[in-house]
Amino acid sequence: MLREITLGQYYPADSVLHSLDPRVKLFSTLVFIITLFAANNVVLFAIVLVTLFGIIRMSHVPFSFMVKGLKSIVMLLIIAGLFNLFLTPGRTLVSFWIFSISDVGLKNAVLMTSRMIILIIGTSILTLTTTPNQLTDGLEKSLGFLKKVGVPVHEISMMMSIALRFIPILIEETDKIMKAQMARGADFETGGLIKKAKNMVPLLVPLFVSAFRRANDLSYAMEARCYNGGEGRTKMKPLKYSSLDQRAYICIAAYTIGFFVVKGIL
Amino acid sequence: MSIIRAKELVHEYIRRDEEGNVEAIQVALDHVNLNVEPGQFISILGHNGSGKSTFAKHINALLTPSEGTLYVDGMNVSDDEYTFAVRQTAGMVFQNPDNQIIASVVDEDVAFGPENIGVPTEQIITRVEKALKMVGMYKYKSHSPNKLSGGQKQRVAIAGVMAMEPKCIILDEPTAMLDPDGRADVLQAVHTLNKEKGITVILITHYMEEVVDSDYVFVMEKGKVFMEGKPREIFKDVDLLKQHSLDVPQVTLLAHELRKAGVNLPECVLTRKELLEALKENYGHLIRTQLGGKLDFPESHKKQNNPADNVMILDHVSYKYSPGTSYEVTALDDVSLNIKEGEFIGIIGHTGSGKSTLVQHLNGLIKSTEGSIYYRGQDIYDKDYDIRDLRTQVGMVFQYPEHQLFETTVFKDVQFGPKNQGLDEKEQIKRAYEALGLVGLPEEFYLASPFELSGGQKRRAAIAGVIAMKPAVLILDEPTAGLDPKGRDDILGLISDMHEKRGDTVILVSHSMEDVANYVDRIIVMDGGKPVYDGTPKEVFAHYKELEKIGLAAPQVTYVMNDLKAAGFDVKTDATTVEEAKEEILCCVK
């Protein structure tokens with residue numbers, strides 16, 4: 001059951017987006033988020049939406065695959081939507097019992113949930129089209145200036161990419177230990193919150209033990225292959241901007257300028 | 001000049017208390033002297049805790065000697081100046097395939113080493129390509145390691161070392177966690193490196209079959225090298241190896257037993273071919289040429305099928321992963337089986353044949369997508385059926401069961417199952433005592449933390465945790481995975497003892513034919529989610545040629561008997577254990 005999480009996974013395909021430099025994709029995601037939250041009327045929203053659909057088409061990732069990623073946060077979306085719907089004051093449209101829906105509430109609820117959905121799909125395109133390693137490389141390069149003020153950028157990005165590598169392994173391991181304890185009569189489903197938390201001990205202790213053992217093994221394996229921090233390291237796939245990336249930057253600039261010009265006019 | 005030269009090498013693990021005072025000293029290496037010449041294929045044998053892994057870590061400068069010296073290609077490993085040069089010269093591959101792959105894409109992982117030593121970009125690309133091609137993994141270069149099998153991951157790890165262009169490669173039990181297919185692939189890759197690229201190989205293992213082809217063997221025990229020589233010299237002394245809880249290949253053991261019984265054979269036989277040639281030479285007059293092509297398939301002794309004897313019935317059970325999506329995988333395909341009370345069953349099949357999925361159905365951890373399962377006449381998918389009760393009736397010991405230990409003491413951990421059954425404290429304690437007694441764990445460990453035990457002891461404690469629930473059916477999924485020969489024999493002996501004493505129904509999942517043939521009464525062979533053979537070991541192994549096609553093999557002795565038969569000796573071919581083969585050959589030659 002735990003294996004079906006698709007949020008934040010890489011989807012191998014051959015597309016323009018897959019071959020872009022991760023820095024371009026990081027930057028464009030940032031721009032996309034800014035414009036998404038700056039869009040406060042239908043026209044601007046339409047521009048964001050059309051752009052998103054264009055990008056989805058370009059990514060060659062099946063749309064159904066992206067929607068699957070939303071499954072895990074459906075509850076969150078519904079709760080956020082309901083809160084907005086019922087708890088925003090304004091001109092009352094419908095009311096029953098103690099609930100009332102206002103015009104502002106309805107608008108906010110629709111805007112809020114659609115923003116969330118677009119935000120998640122938009123950012124998931126970044127992770128779907130970029131390998132975890134490229135992503136951390138991109139972050140390491142983009143945030144390289146922080147090294148000057150003593151932030152260990154290389155170490156952090158190394159930790160991130162190792163974490164990403166081990167997430168599926170640990171998920172599988174959780175599944176296995178859970179089954180093994182269930183075979184010994186453990187119960188992970190029933191009972192109150194405290195009882196449930198207590199029942200997690202037989203799952204969490206072995207999981208931590210295993211994580212530490214793996215960390216220990218991995219540190220030996222890394223040392224054995226001459227790992228010695230970021231100093232003097234070279235790269236097999238160094239980040240280099242191509243003409244494709246330049247064109248992408250021009251597109252992003254055009255999109256941003258266009259968006260804010262429209263926003264200024266309206 | 002020797003590539004590796006150890007002189008009076010000593011390593012001590014020192015345990016200190018909180019104030020930094022020495023609490024205990026454990027001598028892991030005790031004055032080891034050893035030389036390895038460039039281009040050799042060396043094997044180091046020894047059971048768990050013999051110091052072989054500690055020695056391997058020295059060659060890679062991951063550990064430094066407490067006393068004595070170790071030179072790798074003329075560099076002293078104790079000298080910090082050479083640390084990285086040593087690691088480049090002698091690369092290391094570890095046991096667990098998952099815990100040594102750093103990157104999320106195969107080629108990026110292979111590039112990790114060269115990147116660390118600052119190789120220019122263009123050269124890294126050619127090195128990675130070359131290294132992946134050497135181990136036959138080039139076509140997987142942009143795959144995620146999580147999607148690869150264990151054997152493939154190990155070959156990626158070997159490529160990762162080769163990309164650093166070392167002179168020597170050390171493999172620390174690289175096949176311990178793999179299935180037979182994966183083992184064969186990894187070994188073949190290593191032999192190719194040795195023969196074609198002239199790389200010095202140091203293979204640490206406890207699988208004797210892997211050692212036969214090496215140039216020189218060191219056997220370690222208690223931190224000392226206690227035997228060394230060519231494989232033929234080492235395997236000559238079967239009794240001495242047995243005393244030190246080490247194995248010999250089945251053929252060697254058979255030849256040794258025959259020789260002891262007075263058969264005229266050379267002192268050490270390593271392969272099937274050697275045994276056949278020796279018998280032909282000395283006993284050629286017994287060969288009968290007129291023998292027809294009649295194959296003797298053993299007769300099937302199917303007993304009357306009395307439905308009341310069946311403890312479990314599987315009726316047209318199918319299981320699909322993610323049904324209805326493009327990821328749909330059929331793991332079980334219309335399986336119908338009867339399991340009788342008191343049977344000892346072995347289920348064999350290669351990785352992905354559906355054997356683990358099958359056994360997880362038996363205690364309701366997985367619910368079938370189609371078909372029904374009956375336990376003592378009751379449908380376990382019935383709404384009113386208590387599935388948690390079934391789990392205590394059908395006990396399941398998973399692969400690497402020691403990974404589920406969590407309590408502060410061994411005793412409490414074993415109590416966990418009975419506690420969940422809702423038994424009172426007194427009964428819980430009684431059950432735990434009994435179970436720990438049955439698995440033969442010494443009493444001094446009952447109150448120790450489970451994490452302080454050795455590998456074999458941990459496994460016993462974990463098995464006790466399941467037995468304490470007094471299940472009527474006991475399922476064990478690869479109970480011997482990762483253990484050394486002694487640990488393996490102990491655990492299997494224990495299981496078979498329990499079966500005999502308590503009359504439990506036992507189901508043993510395994511991919512080792514030798515293990516299964518020695519103990520079980522019935523074998524079910526799984527392939528593609530279906531049982532393809534079902535019968536006594538003799539019946540099943542008679543199909544040894546078909547078994548090979550699905551990635552399995554009969555025990556070595558079955559091959560020996562078939563070789564003899566094909567050469568014209570008048571023997572029956574249905575022997576599945578060394579003992580049976582010995583009797584059969586003795587009958588023939590005497």
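Modeller: The answers below set each value against its definition. This is a predicted model, in which local features need pLDDT of at least 70, side-chain atom pairs count only at pLDDT 80 or more, and totals for chains, interfaces and linings use all residues. Residues are numbered from 1 along each chain as its sequence is written, chains are lettered from A and ligands numbered from 1 in the order in which they are written, and side-chain values use heavy atoms, without hydrogens and water.

Colleague: Why is helix 20 of chain B called roughly parallel to helix 21 of chain B?

Modeller: Helix 20 (residues 556–567) and helix 21 (residues 578–589) of chain B pack at about 20°, with axes 9 Å apart. Angles under 35 degrees count as roughly parallel, so helix 20 of chain B is roughly parallel to helix 21 of chain B.

Colleague: Which residues of helix 20 of chain B make the contact?

Modeller: Val557(B), Met561(B) and Leu564(B) do so, contact meaning heavy atoms within 4.5 Å.

Colleague: How does the span of helix 6 of chain B stand against the expected one?

Modeller: Helix 6 (residues 180–197) of chain B has 18 residues and reaches 25 Å from first to last C-alpha, close to the expected 26 Å. The expected span is 1.5 Å times one less than the number of residues.

Technical notes:
Helix = DSSP H or I, 4+ residues; strand = E, 2+ residues; numbered from the N terminus. Axes fitted to C-alpha atoms, helices over the stretch in contact; angles between N-to-C directions. Parallel < 35°, antiparallel > 145°, perpendicular 65-115°, else oblique.
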